[in-house]
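Please read the points below with the model at hand.

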Amino acid sequence: MSPKRGDDVAPPPIAGEWRLRFATNEAAKGWAALCSEAPGNTRRCFEALRGDPISSEDPDRQHRLRGRLATACYGGRDLPQWEYEVTAGGRVRYLVDVEKRTVYLVYASTRHPKDTDA
């Protein structure tokens with residue numbers, strides 16, 4: 001999604017930070033909704049993903065998905081899929097490309113994704 005007039009400006013990664021990119025238009029829209037609904041929590045999510053997207057320090061908030069959701073294909077490659085709990089219902093799902101040091105946001109929403117409901 002190319003930036004256009006009126007869009008927020010994303011800061012470039014520095015000093016070992018990871019690059020964050022939207023993998024889908026829906027993720028970009030969902031991110032904007034999270035920013036509006038829970039700006040503080042969304043900022044903490046941004047900082048966590050920028051700093052260490054594969055951290056296991058707070059597994060209740062940030063964790064790798066399991067089973068059929070453990071990986072997803074992006075750019076012709078299977079990448080590990082993680083999830084960050086922004087709010088009680090709000091989630092961000094992302095793929096981690098270690099080689100490119102890039103995080104691809106594939107899902108962002110103020111609502112919990114239905115595919116993990118048992």
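1. Basis of the note. The model is a predicted one, in which local features need pLDDT of at least 70, side-chain atom pairs count only at pLDDT 80 or more, and totals for chains, interfaces and linings use all residues. Residues are numbered from 1 along each chain as its sequence is written, and side-chain values use heavy atoms, with hydrogens and water left out.

2. Salt bridges in total. A salt bridge is taken here as a side-chain nitrogen of Lys or Arg within 4 Å of a carboxyl oxygen of Asp or Glu. Under that rule, the count is 7 salt bridges.

3. The network between strands. Salt bridges link Glu83, Glu85, Arg91 and Arg93 in a network. Helices (H or I, at least four residues) and strands (E, at least two) are DSSP runs, numbered from the N terminus. Glu83 also forms a salt bridge with Arg91, where the closest N and O atoms are 3.6 Å apart.

4. Glu99 and Arg77 are joined by a side-chain salt bridge of 3.5 Å, N to O. The two residues are 22 apart and lie in distant parts of the chain, with Glu99 in the loop between β5 and β6 and Arg77 in strand β4 (residues 77–85). Glu99 counts as exposed because its relative accessibility is 71%, whereas Arg77, at 27%, counts as partly exposed.

5. Gln62 and its contacts. Gln62 lies in strand β2 and is buried, because its relative accessible area is 7%. Its side chain makes a polar contact of 3.1 Å with the side chain of Tyr94. A polar contact is a pair of N or O atoms within 3.5 Å; within protein, one must be able to donate a hydrogen and the other to accept it, and residues adjacent in sequence count only if both atoms are side-chain atoms. A polar atom of the Gln62 side chain also lies 3.1 Å from the backbone oxygen of Pro53.

6. The loop between α2 and β2. Where does Glu57 lie? Glu57 is in the loop between α2 (39–51) and β2 (62–64), and Ser55 lies in the loop between α2 and β2 as well. Ser55 counts as buried because its relative accessibility is 11%, whereas Glu57 has a relative accessible area of 78% and is therefore exposed. A polar atom of the Ser55 side chain lies 3.2 Å from the backbone nitrogen of Glu57.

7. A charged surface patch. Glu57 gathers with Asp52, Asp58 and Asp60 in a surface patch of negative charge. Patches are made of residues with over 30% relative accessible area and no salt bridge, with like charges joined within 9 Å and nonpolar side chains (Val, Leu, Ile, Met, Phe, Trp, Tyr) within 5 Å.

8. Ala15 lies in the segment before β1 (19–22) and is exposed, because its relative accessible area is 83%. Arg101 is in the loop between β5 (91–97) and β6 (102–109), and its relative accessible area of 36% is why Arg101 counts as partly exposed.

9. Distances along and across the chain. Asp78 in strand β4 is 19 residues from Asp97 in sequence, with 9.3 Å between their C-alpha atoms. Lys29, in helix α1 (residues 25–37), is 37 residues along the chain from Arg66, and their C-alpha atoms are separated by 25 Å. Asp78 is exposed because its relative accessibility is 58%, and Lys29 is exposed because its relative accessible area is 60%.

Terms used
Accessible areas come from the Shrake-Rupley method with a 1.4 Å probe; for residues, only the protein chains shown count as cover. Lys and Arg count as positive and Asp and Glu as negative; His and the chain ends are not counted. The place of a charge is taken as NZ of Lys, CZ of Arg, CG of Asp or CD of Glu. Buried means under 20% relative accessible area, exposed over 50%, partly exposed in between (1.4 Å probe, protein chains only).
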